[in-house]
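Come along and check each entry against the picture.

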Amino acid sequence: MLASFLASLCLVVPAVQEDGAIAPAGAWVTHGGSPARNRATLTPPLRSTPHLGWSYAAPGPIEGEPLVWGGSVIVTFSDEKERGLALLDLRDGSVVDELRFPSAARELAPALWDGVLVVRADELRAYRVGTRRLREVWSRNGAFGPPLLYGDEVYAVESAGLTRLDAATGETVWRQGRGLHGRPSLRGDAVYVLGRSGDHVTIDAVSRKDGSPLSSVQPVSAPGGVPRSGPGAAFVAVMAKDRVVYLENGVQWAPGQISRSLVAGADQRSPKNKVSATSLFHRAEAAEVLTGWLVTIPWEESALWLQTLDEGFVPLASKEDHPELAARDDAPCRVGSAAYFAGAAVDLDTHVVLWHLDGEPAGPMIPARDALLVQRDERHLEAWRTRDPVRHSDLSYGVVLGNASGERIVGARAVLADSSIEAGDFLIEKRRGEMSLVKVRRDGSNKDLSRHVLHPLASTLLLIDANDRIRYAAGALSFLRGADALIDESLGDDYAELAIDALPAKDYDLVGKIVARARECGVEEKRLKRAVDLLERKAAEGAANRKDDKAVLIETRVAELGRRRPDRLHAMASALPEAEHDLRYQLLRAALLDDPSHAGSLAVLDTLDPLLRASLLSEVERERPGDPALAAKVKSLLPAGLQPPEPFQTEEWLKFLAAIAHAPVTILDPKPAAPDLGPEERKLGAASLRWRKDLKGFRSENLFVITPVSRPGAIARCLAMGELVCQALDEIFAGGENRRDTRYPLYINLYDSKEEYLEQSASRGGHSGLGWTAGHFDELDNLSRLYLPSGDESFEEVTQTFVHELTHQWVRNRCPLFTNEEAVQRLHKPPTGGYWIVEGFASLIEEFRFDGTAWRWTTENATSRRRDLATSAEEDQRVPWTELFAADRAAFGKLSKASSLRVPLRTRLGRVGLASPTSLFYAQAQTACYYLFAGADGAHRGALRDYLAAYYRGEDAKLDVASAFGMSADELGKRALAFARENLH
């Protein structure tokens, strides 16, 4: 029954990406994510465990899903009296602006696209989303349904039918049909809505171009007969072009039977290829995935999560397998080759659980550029990140910049929490142990502005003197909005005057441009009335636009005003004390986002910490990709002697700059053979003869990487990850015996392509099993050969291999517990027992969490795949503990590598995984090392280090497990498995 019921799920997703089929990277533009409402986005997944970045408390219960575009987040909420909408800054969760709609009886249902926001309140309204405010640009009276926004197209159902509006003006482009309802969706050339045929539901498609009808489907083949339109049918989402339609709250097929969705497709049994439909009983919304979609259905008082395929489906979670996921019915979403649902991230190809959030979220997880938005409970929205954004000063206590306490600051401007501005003379005083900002009135009385909080959600205050020096800042939110408000005040005055000056030039297009700039700066309409009246009158007359010499002069003044903002921001940054680098960072970032070629701001970058500088430039590059001025600045920051190939990859070289900020490097060029060459120079010279001529050597504290310079992102990852792994191992073995007289660098050959990696590995005697690897440590040549993918997602897949092999190399070359000679002797000594420590310890380190951006590492890993395999396997599937601990290298090599064992896994969705005795050896050895390292409050950690040292020293008598750890092999295995189970999700 299950197979026949689910056979209807198996549809093929078109390979060609249609308009609206997937949300742009970094965006979630409507309920359901994309215009097709299929919960799919181009935003790359967070593949390592995120941590909490910020939390926002809404004034009332949150409604719907947060929307995202760029650095803006839109959240809607309601209470007993009104509905509201908040604009948040994605970086820190601060409230940029807030709107209230006291008369809004229905959910606001916002739609967002490229800085335009459309909401349904008492009327349909459109706003321009700015960095400081939401500015209304038009409104339309009428009983509109939830809007949909795509590019310059706005769609909404009203009493007169489906209407398309112009996003810039709100004017009607076309109107079509009556009796339509629900939320529209868009895919390809069509807009889809729900219609009615009598009291039956239909699925109607109309042309985006002119509203002409394209098709109308009335489902006719389903359990219970023809579906009837129910009051809960809220929106339609086209899941796989004309074939799958999702209804949010379903339609009624028969009494008591409500379908969560319909599958509509061609009926191959009908000679006329008649369109039919099948009911799917979803418990939550579905997400379109690469091979179909991800769905949860009711199943035996629980849920069954499924991923459909072209020719079938894969059960992912049920109450028997992964009951914690089956108990959840959150709407999933697809991000690249991964999906978020039920508090977890899952790789859709391997079904491996990448991570699981602490605590269960109350709603779906929404991808947002480099963050994940999670509704924690009714009123709290959280942002989770895998990397820390640049931390800025916490100004909640008040910061005085310069020696201003008690000083009267003449002719200054103060920005209050509501962005209003007060001008005059001010004092900064210390009252009751806190700094206060006081305005000096003409009558001699004072006004304490630190208590003048108008905005209910913030208390930001900012004081800037007549020389653009910031003298006081307070409040938990970014002071940058205060600086913007001051600049807007000045620019607005100039634009308003310029609009009047431009009228005699009769260049009406230019006047309109100036008026628009003035409005963006918040100039009141009454100051622009004369210019606006003239524009409207000339437009009605059809007057021709002219352009004379005066217009050219006006254009020059417009251009000068356009440079004013980055100039002012740069001036503020330059006047800051050197210690206030966080505030300078914010100002420079704003200046460069406005104008990446701003020479003054680019020059100030040289005074920043290299890591902060790389982070700032990376932020600007993300917002202004391919900017030539930015590329030139990045080139100038590269180490001398490093000539990057063209075309210049700005983003990749910024990763390189961030890596060498953590791990400074010396760059070597190949030299002719000579007696006085150092060991690194000799290795580089030999590689340039055997491998290729265009190699460089990158010498950091612990590594010597030989590679071409064509892949800067891979070089950066290699340096950052390698140095961080070495730091972790140095800390683990710190404070003990040091028998090393020399600590050699870890030699690494980093190849341009996987083909080059395999070719060079084979030429040096590499074994035949390297085809699936990204790297290996060659013990005889004493170097690691690596191929690292450039993309973040691909790199995450090979990180564990990289760390595993690098750990082998570090133990051989740098571990302080034995000498170089002892390590070499062990390599050539006949096999002995205790080999589990070699692979077990490297496997332990490989599953540590390494963050090369935040430069930190942790032993915590609640989704360890090796420990999952060890604990999930049956006892008769595992390698017996006594055999495992006694095995030498030869015995390990004889274990079968055939994946013939079926093991249910907790970190992999679906019922079973396939394992081999070899993979279980790795898993059990790692589990034992994990217990000895982290279990029993670290009581066995010293014994673990001693055991590792005994193996590499060749002290075979010390390799008996019972003697080394005070427990039998079976007891150690039992404790290790129990500890691992406690620490797995």
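**Entry 1: a hairpin and its neighbours**

I began at the hairpin that joins β32 to β33 through four residues. I am working from a predicted model, so every value here is computed. Strand β32 covers residues 371-375, and strand β33 covers residues 380-385. I looked up how the two pair, and found the antiparallel sense, over five bridges.

Strand β31 (residues 365-368) runs antiparallel to β32, and four bridges join the two.

Is β32 mostly covered or mostly open? I found it mostly covered, with five of its five residues buried. In a regular strand, side chains alternate between the two faces of the sheet. I therefore checked each side of β32 separately, using the cut-off of under 20% relative accessible area for buried. A371, L373 and Q375 are buried on one side, and L372 and V374 are buried on the other.

**Entry 2: an open sheet**

Next I traced an open sheet of five strands, in the order β1-β27-β28-β29-β30, with mixed pairing. Which strands stand at the edges? They are β1 (40-41) and β30 (353-356). Each has a single partner strand, so one side of each is left without a neighbour in the sheet. For β1 I looked at the pairing with strand β27 (residues 333-335), which is parallel and has two bridges. A40 has R334 as its bridge partner in β27.

**Entry 3: a covered helix**

I moved on to helix α18, residues 836-846. How many of its residues are buried? I noted 11 of the 11, so the helix is largely enclosed by the rest of the structure. The buried residues include W836, F841 and L844, and also the charged E839 and E846.

**Entry 4: salt bridges**

I looked up the number of salt bridges, and the count comes to 51. I followed a few of them.

- E285 forms a salt bridge with R39, and the closest N and O atoms are 3.1 Å apart. This pair links distant parts of the chain, 246 residues apart. E285 sits in the loop between β22 (275-280) and β23 (287-289), and R39 in the loop between α1 (2-6) and β1. Both E285 and R39 are buried.
- E619 forms a salt bridge with R91, with the closest N and O atoms 2.4 Å apart. This pair also links distant parts of the chain, 528 residues apart: E619 is in helix α10 (residues 610-623), and R91 is in the loop between β5 (83-89) and β6 (95-101). E619 has a relative accessible area of 9% and is buried. R91 is buried as well, at 16%.
- E680 and R699 meet through their side chains in a salt bridge of 3.2 Å, N to O. E680 lies in helix α13 (residues 679-690) and R699 in strand β42 (residues 696-699), so the pair ties together parts that are 19 residues apart in sequence. E680 is buried, with a relative accessible area of 15%, whereas R699 is partly exposed at 25%.

I also noted a network: salt bridges that share partners join D79, E82, E98 and R100.

**Entry 5: out at the surface**

Which residues form a negative surface patch? I wrote down E874, E875, D876 and D970. D970 lies in helix α25 (residues 969-982) and is partly exposed, with a relative accessible area of 48%.

My last stop was P213, found in strand β18 (residues 213-217). Is P213 buried or exposed? P213 counts as exposed, at 61% relative accessibility. From C-alpha to C-alpha, P213 and Q176 are 8.3 Å apart in space, and they are 37 residues apart in sequence.

Methods:
Residues are numbered from 1 along each chain as its sequence is written. This is a predicted model: local features need pLDDT of at least 70, side-chain atom pairs count only at pLDDT 80 or more; totals for chains, interfaces and linings use all residues. Side-chain values use heavy atoms; hydrogens and water are left out. Patches are made of residues with over 30% relative accessible area and no salt bridge: like charges are joined within 9 Å, nonpolar side chains (Val, Leu, Ile, Met, Phe, Trp, Tyr) within 5 Å. Accessible areas come from the Shrake-Rupley method with a 1.4 Å probe; for residues, only the protein chains shown count as cover. A salt bridge is a side-chain nitrogen of Lys or Arg within 4 Å of a carboxyl oxygen of Asp or Glu. The place of a charge is taken as NZ of Lys, CZ of Arg, CG of Asp or CD of Glu. Buried means under 20% relative accessible area, exposed over 50%, partly exposed in between (1.4 Å probe, protein chains only). Two strands pair if DSSP finds at least two bridges between them.
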